[in-house]
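Okay, thanks everyone for coming.

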Amino acid sequence: MPENSYEKTLSSLGVNDSIGVSWLFVELRRQFTSELADAVKKNEWARVRDRWMRSGNPIVEQLEKNWVKPTPPELQEYVLRQLQGFRAFVGIRLQAGYPLEHAEGRGPNWIENEFLKLQTAFDNELAGCLNEQDLGVTKIDWMGRKSGVLGLITETWLKPSPSDLKPVVGQELNKLRKHVESQLELRIAAAEAGAEEEDHVDLSLPGVVRALGSRHLIRQVFQEIEDIFFSIGFSVVEGPEIETPYYNFEALNIPEFHPVRDDMDTFYMELPKGTPGQLLLRTHTSPMQIRTMEKQKPPVRVIVPGRVYRRDNPDATHSFAFHQVEGLAVDSDITFCDFTGTIEYFVKQFFGPSVKTRFRPSYFPFTEPSVEFDVSCVFCGGSGTTASGTCGKCKGAGWIELFGAGMVDPAVYGFVGYDPKKVSGFAFGIGIDRLAMLKYGIDDIQAFFQNDVRFLKQFP
Ligand code: PHE
């Protein structure tokens, strides 16, 4: 800090921000305080007063001229406020350091009045405190042992005061000290409480709510179906989505040039040159019939939820990927009646007791006989008409085609080492997307794959 910094402008002092400015003022206070303390001892109070506040070109005026005026507007206001604070600081100390001998003959009233002015000055300074840091500075200003105002008054007023005035000065000084102490204590306590409040973690505040996802509707339907079959003794198995043609076709009694393969045209993997065989995305969950029977002896009761693929062009009812639940029950004495009873039980559990079922002859290479299961239309109650005319969902038929099924073709048992003379069973393949669309009134299968949150949110 250069000597006589008040004679130079802030920019020539290299100061261009508020931190630099506050440091300059701290230094000024220090200078002034030590000068005043010296002067009081040497009875030179008036010289200090003149140099800082009064004579032709006092320091506070130089500060105004050199520090405030030429400073750019963004900093100027800050410097001005600091200067005002500094003026008050100097004023109070000059007043406090005023040698009491000058007061002689003015009596107790004058003294009381002087103390009242000091108290007001303190109250003003306190009112200007914005935070704990300001309060700390004010505390040192007033109560600091070396240069605090109270100490200054003790030295300059109380100690040298004539005996007739001493009691008044003592009494007034005590009053002022108590006032300063108690007010500071109050404000500091309040500031600390406030700071604590800010740090405090309010456990009653609701936290940031992170939206929880929910299961995809397809998953939910899988779960519903699993629960129903689980309750009648089926277990759940899952299989690979990438299959060999053997499991997807051959072992299901679909030889290579069987025309049914056209219906199940699919995606074949591009394998490194020289790899023997082929791999494909399974076109149905039926390969798991074979894999399950290969692994275990009868009785078999499984369902297989999973994703399957076909080379379909996407539209409202077709997608290159969709979902099925395969069912397989094989035992020594399973009849067609068990089969229809099981299906009927499932459909009523899933859609409700009023829904009716029917089956029609159909064809699958791996079941014999094969059927197609229909349910009475859940939208028109099977009547084929609604209030607004022909039911759009079943197109007036009153029935909706739900899934393919049948008794396991004996040829299939040959592929897994079961004796077709000793075992019988049934299998079915439910199209889940279609089922979900029916049950929840969704008219576009693509909605399941687009993952639009507005859609998904409707099925929490
Ligand atoms: N896998 C057949 C399909 O995807 C459905 C089916 C499964 C048919 C089981 C009969 C038995 O179309």
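So, by class, how many residues in the shell around the ligand are nonpolar, polar or charged? Keep in mind that this is a predicted model. The count is four nonpolar, six polar and no charged residues. If you want to click on them, the shell is made of His284, Ser286, Phe364, Thr367, Gly404, Ala405, Gly406, Ala427, Phe428 and Gly429. Two elements give two or more residues to that shell, β10 (399-408) and β11 (424-431).

Let's stay with those strands. β10 and β11 pair in the antiparallel sense, over five bridges, and there you can find methionine 407 standing opposite phenylalanine 426 in β11. β10 also pairs with strand β7 (residues 367-376), again antiparallel, this time over eight bridges. Here valine 371 is opposite alanine 405 of β10, and Ala405 is one of the residues around the ligand. As for burial, β10 is mostly covered, with seven of its 10 residues buried.

At the β1 end, the pairing with β4 is parallel and runs over two bridges, and serine 235 has valine 302 in β4 as its bridge partner.

Next, helices. Helix α9 (residues 217-230) has 14 residues, which at 1.5 Å a residue should span 20 Å; the end C-alpha atoms are 19 Å apart, so that agrees. Which residues of α9 are buried? They're Leu217, Val221, Phe222, Ile225 and Phe229. Looking down the helix axis, these fall within an arc of 145°, so they line one face of α9. As a reminder, an α-helix has 3.6 residues a turn, so residues three or four places apart point the same way.

Most residues other than glycine have a negative phi, and most peptide bonds are trans. Proline 298 and proline 299 are joined by a cis peptide bond, omega about 5°, with proline 299 in the loop between α12 (287-295) and β4. There's also a cis bond between glutamate 368 and proline 369, omega about -5°, and proline 369 lies in strand β7.

For positive phi, look at asparagine 253, at about 70°, in the loop between α10 (245-248) and α11 (260-263). Is that asparagine 253 buried or exposed? Buried, because it has 20 C-beta neighbours inside 10 Å. Lysine 395 also has a positive phi, about 55°, and lies in the loop between β9 (389-390) and β10. Lysine 395 counts as exposed, because it has 12 C-beta neighbours inside 10 Å.

Technical notes
Residues numbered from 1 in each chain as written. Predicted model: local features only at pLDDT ≥ 70, side-chain atom pairs only at ≥ 80, totals over all residues. Near = placed C-beta within 6 Å. Helix = DSSP H or I, 4+ residues; strand = E, 2+ residues; numbered from the N terminus. Nonpolar A, V, L, I, M, F, W, Y, C, P; charged D, E, K, R; others polar. Expected span 1.5 Å × (residues − 1). Arc of directions from axis to C-beta. Pairing = 2+ DSSP bridges.
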